[in-house]
Amino acid sequence: MKRYFFALCLSAAVALTNAAGASASKNAGARATPAPPANSKKVEVAGLAEARLIEVYQLVSRAQGREALAKAERLVQDYPHFQLAQLVYGDLLASRTGPVRSFGDVPQPILKTAAPMLRELRDESQMRLKALRERPPPGAVPSQFLALSPRNKHAIAVDASRSRLYLFENRPAGLTLVADYYISVGKSGLEKYAEGDLRTPMGVYFITSNLDPKSLKDFYGSGALPINYPNVLDSKRGKTGSGIWLHGTPPGQFSRPPLATDGCVVLANPDLDEVIRTVETRTTPVVISNRLQWVMPNSVRSDSKPFEDALTAWQNAKSSGNMDRILSFYSPDFNSNGKTLSEWTPALRGELDRVRGRAIQLKDLSYLRWTDTADTMVVTFGEVADGTRTGPTKRQYWGRHGTQWKIFFEGII
């Protein structure tokens, strides 16, 4: 197989060596799942197609061409719309009759028209291998996830530099990476600013709903999970646009190139179906970053201590009922659903009148950190006064000004 696209073999071999074996099936896509029996009805399983493609790469890197060809043939039979797999299968077939000069070695007469698609498929292949090679450190979490409450049963993080979506389960011992999937983002990359700029937003978001597939056009695939773009921070910065979803691919297309959407995050349909079956709306945070920073959970908590102290001080001020003391925690540019701080203050005073000096407890507290040109905390909690069983669920946005944290948004969700 030395004639077979050598650069791909080399990168696959490096990726598979560094991935420590099990990552190719368990972590490269989703949970390890055996292929369905040959005579059974095909069931598309999350991550399975990618895991099988990686297995073909692995066989190629070991110069086991015959076995790789057989695996590739079965893969394209089961997933006929998986274009990258079709390309690999075509190269493997071509290598049996002559030298294959490059990945996607199509005949010269059609090379000109096929060149853009070949570039996209090469990019997709490189991204899938990159994500396999650059695995998150065991036990590490994205730096944005400071504290999640038991109500946040799952969390999602998107790393555009690896074209990857990571799915976490919030267990008693903390966040655990349970699956990850290849994804596509905006044609113009990340950092959305305006409607129609073909960019995917970056920040901390939440899944707001689960759209009925019957209400969607085929373009969106098997479903869609909208997120709350623009969030409070986006709106504060003057960003526009809407309709940012996690959604699937249309019939006839298994996956899309790394940069291919109008701003949404797009997964293969079986992968999206697994995400939809797993996560809950309203409580599932979605972090979208150009490049995730992975940290150990204990270092996350130590870094967040100054903010925790500020939040506790605000809680104590709210419990005291001292209006001036409470207002000192709010930023001059505070806004609550269109109301300035002075316009919103009567509502705050009404809350204090109802509490009447009773201590305030913060139930199901979670906070996530977003850092770019500024430092922001997105905080969610149930505000419950002593002697009562329930209270409103609130979300606050805190910004850091020097060494001080100030609230620039507060609202009930």
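Analyst: Ala, Val, Leu, Ile, Met, Phe, Trp, Tyr, Cys and Pro count as nonpolar, Asp, Glu, Lys and Arg as charged, and the others, Gly among them, as polar. Keep in mind that this is a predicted model, where local features need pLDDT of at least 70 and side-chain atom pairs count only at pLDDT 80 or more, while totals for chains, interfaces and linings use all residues. Residues are numbered from 1 along each chain as its sequence is written, and side-chain values use heavy atoms, with hydrogens and water left out.

User: How much space lies in the largest pocket, and which residues are closest to its centre?

Analyst: A pocket, on a 1 Å grid over the protein atoms alone, is an open set of points where a 1.4 Å probe fits, with protein on both sides within 12 Å along at least five of seven lines, and its lining residues have an atom within 4 Å of a point. Grid points are joined across faces, edges and corners, and the volume is the space filled by probe spheres set on them. Here the largest pocket holds about 700 Å³, and of its 33 lining residues the closest to the centre are Thr 380, Arg 395, Gly 411, Ile 412 and Ile 413. The lining divides into 10 nonpolar, 15 polar and eight charged residues.

User: Which aromatic pair is edge-to-face, and why does the pair tie together parts that are apart in sequence?

Analyst: A pair of aromatic rings is described by the distance of the centres and the angle of the planes. Rings of Phe, Tyr and Trp (its six-membered ring) pair if their centres lie within 6.5 Å, and planes under 30 degrees apart count as stacked, over 60 as edge-to-face and the rest as tilted. The count comes to 17 aromatic pairs; among them, Tyr 166 and Trp 294 are edge-to-face, at 5.1 Å centre to centre with 80° between the planes. Strands are DSSP runs (E, at least two residues), numbered from the N terminus. Because Tyr 166 lies in strand β4 (residues 164–171) and Trp 294 in strand β12 (residues 294–295), the pair ties together parts that are 128 residues apart in sequence.

Conventions. Helix = DSSP H or I, 4+ residues; strand = E, 2+ residues; numbered from the N terminus.
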